[in-house]
Each structure stands twice: as structure tokens, then as C-alpha cells.
Amino acid sequence: QDAMGKRERAAGSYNERDYQRVPAAAPVEKGMPKAKKLPDYKEHQFFNVKRIIELYELQHKRETSKARQIQRLMETGGEAAAAELAKVQEAGETEEEKAQRTELEGLEAEGFLSWSKNDYSKFLKECERSGRDEFAKIAEQVATKSVDEVKAYAAAFWGGKGAQHIGDFEKQVKKIEDGEKKMKEKEMMSKDLKAKVSSTPNPWINLQIKYGNNRGKLFTESEDRFLLCMTDQLGYGMWEDLKREVRRSPEFRFDWLFKSRTPIELGRRVDLLIRLIQNENKEKEPRGAGKKAAAEPADDDKAAKKQKAQANGDGGD
């Protein structure tokens, strides 16, 4: 039935670790120095693997060339060869070699080798949940890193290293941005709920909800009041705690339907009720401060025209 045959996987994104195979691929000659093994760098550690490998190869070529020279001189024998051998063995680094060694040390030091894949995953998750600048919370979740270490890693991640090295960087950023957006919405919902509850002298009894066409038949008005007031008290999103309070409330001890609602169902109901509150606030704005503010410039403009007319002596209307 599979007429199409097996589907081939599309080529993946640029993977720096592929370069690790380059030094190891070269055959090692007998008596020659082995190529330095590249550490198992991961993309989230932000190492310039391509350049590090180039420098490793240059270093290995120099060491091999020197070893061949020494081997040849030792095989040659004689005073001249011995003098040349001593000269080769005692030779120090050239300026170019010193510069390359310094560059390599810098490249090896600038990455984040101690950051495991698990650390990176926890970093992303907490950025999405709490926001990219909540360094203390991120450090608490990562657990293996201090706040300063998290700050340094975040600076690299957002400062260009992430986009340069991580294959699915844009996907991860989108998830974090969506998480931050939800967090802001949550803060706004909490703020609007608190304002609504605070505007009523005894909200547990007198809180008025403008349902419009969203009244529904699954919840009573007293249940909705309880959900709003208790959410304001517990904090938005604490649906498990809200469920517990519903079950504990004497007011609903025989309300089996209400008490059987899951935390998710209660949370959805609270979301709907808060959106009704937000819609109510929007309806008030155009008729209130919004229209008044829009009218004030027109009044000022009218007064200015009148003054100008009087100054011109025509007593304009």
C-alpha cells in the first residue's frame, strides 16, 4: 500500500557538532602526535565549533610537522643533525602561533560548557512561565546555576548567540513570547477582578454581574459571585485551591453539581466572568472619560477662535 515508499527526512539545520568528526577522521601516523579530541559541545552552549576545529587542526599540523622534523633528524644522525635537532626542540612559539593559542583559549572560555541540556530546557520553560527577566525564578528552577550565571547565559541567549547557534531558536522565542503575553493577560485579569470586587461594599452578597447573553444554565449567580470573590482572595489561576474552597463552603454543602466541578471547569467559568467584567469596563469608557476627553480640545479650539475674532474687532460668533 505504501506506493510512495519510505519518506526521506529533510536535511536538518546547521549542526556544529558535525565538525567534530573532521579531526578524528585523519589517520594517525606511527610515532606522530594524535589530534586533540574536541569536547562534546552542544548547540545551546554557544561555542564557535567551526573556528575551534580550525585552530585544533592548525595546532595538530604544527605538532605533526615538528615531530616529523625531529624524527628525520634523529634518523640522520651526525653533529649537524644533532645541532639542528636541539634547535628544533628548543624553538618557542612564533607570534602567529601565540595569537592562535590565545584565540583558542578565548573561544573555549566564552561558551557555557557547564550548561547541560536539562539546564537549558528548564531555562526555556521558566522564561516561558515567568518571563525572560525573572532571573531569580529561573535560577531556582534550573537549580544548578546562580542568579549571576543565569544572567550571563540569558545575555548570551538574547544577545545573538541563541540565534547564531540554536537551530530552533525562533520557535523557542515564540513560545517564550506567548508565555509572557499570557502572563500579562493574567495580570490584567487579576487587576480588573480586584477593581470589580473592591467597587462593591459587600461583594460576597451584592456583586452584580452583567451577563448579557452569557448567563448560561450551569452556574447560579451566587455561585459566580463566590467564584469571583474567592479567586480575588486566593489569586488568579489557583484553580485547585478554588475547588477546595467550593467543597468546604457551607453555602454549597448540598450543591452537588457545583461541588463536582473540576478545577479546569471552575477556571474556565472564572475566565468567562472576568471577560464579562472587562466588557462592562469597555462599555463605560466611550460614554465617560473617553468622550469627555475628545470633546475638550474642540471646546478649547472654539474659545480660541472666539478670542481671535474679538482681537480682530469683528466680534465674531
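Colleague: Phe46, Phe112, Trp115, Phe123, Tyr153, Phe157, Trp158 and Phe169 form one aromatic cluster. Before we go on, what kind of model is this?

Modeller: It is a predicted model, where local features need pLDDT of at least 70 and side-chain atom pairs count only at pLDDT 80 or more, while totals for chains, interfaces and linings use all residues. Residues are numbered from 1 along each chain as its sequence is written, and side-chain values use heavy atoms, with hydrogens and water left out.

Colleague: Happy with that! How many aromatic pairs does a search of the whole structure find, and what makes Trp115 and Tyr153 one of them?

Modeller: The search finds 16 aromatic pairs. Rings of Phe, Tyr and Trp (its six-membered ring) pair if their centres lie within 6.5 Å, and planes under 30 degrees apart count as stacked, over 60 as edge-to-face and the rest as tilted.

Colleague: How do you know whether Trp204 and Phe226 are buried or exposed?

Modeller: Buried means under 20% relative accessible area, exposed over 50%, and partly exposed in between (1.4 Å probe, protein chains only). Phe226 has 6%, so Phe226 is buried. Trp204 has 38%, so Trp204 counts as partly exposed.

Colleague: Now the charges: why do Lys161 and Glu110 count as a salt bridge?

Modeller: A salt bridge is a side-chain nitrogen of Lys or Arg within 4 Å of a carboxyl oxygen of Asp or Glu. Between Lys161 and Glu110 the N to O distance is 3.7 Å, so the pair qualifies. Lys161 lies in helix 7 (residues 147-165) and Glu110 in helix 4 (residues 95-110), 51 residues apart.

Colleague: What makes Arg132 sit over the face of Trp158?

Modeller: A charge sits over a ring if NZ of Lys or CZ of Arg is within 6 Å of the ring centre and within 35 degrees of the ring normal. Arg132 lies over the face of Trp158, at 4.1 Å from the ring centre.

Definitions and conventions: Helix = DSSP H or I, 4+ residues; strand = E, 2+ residues; numbered from the N terminus.
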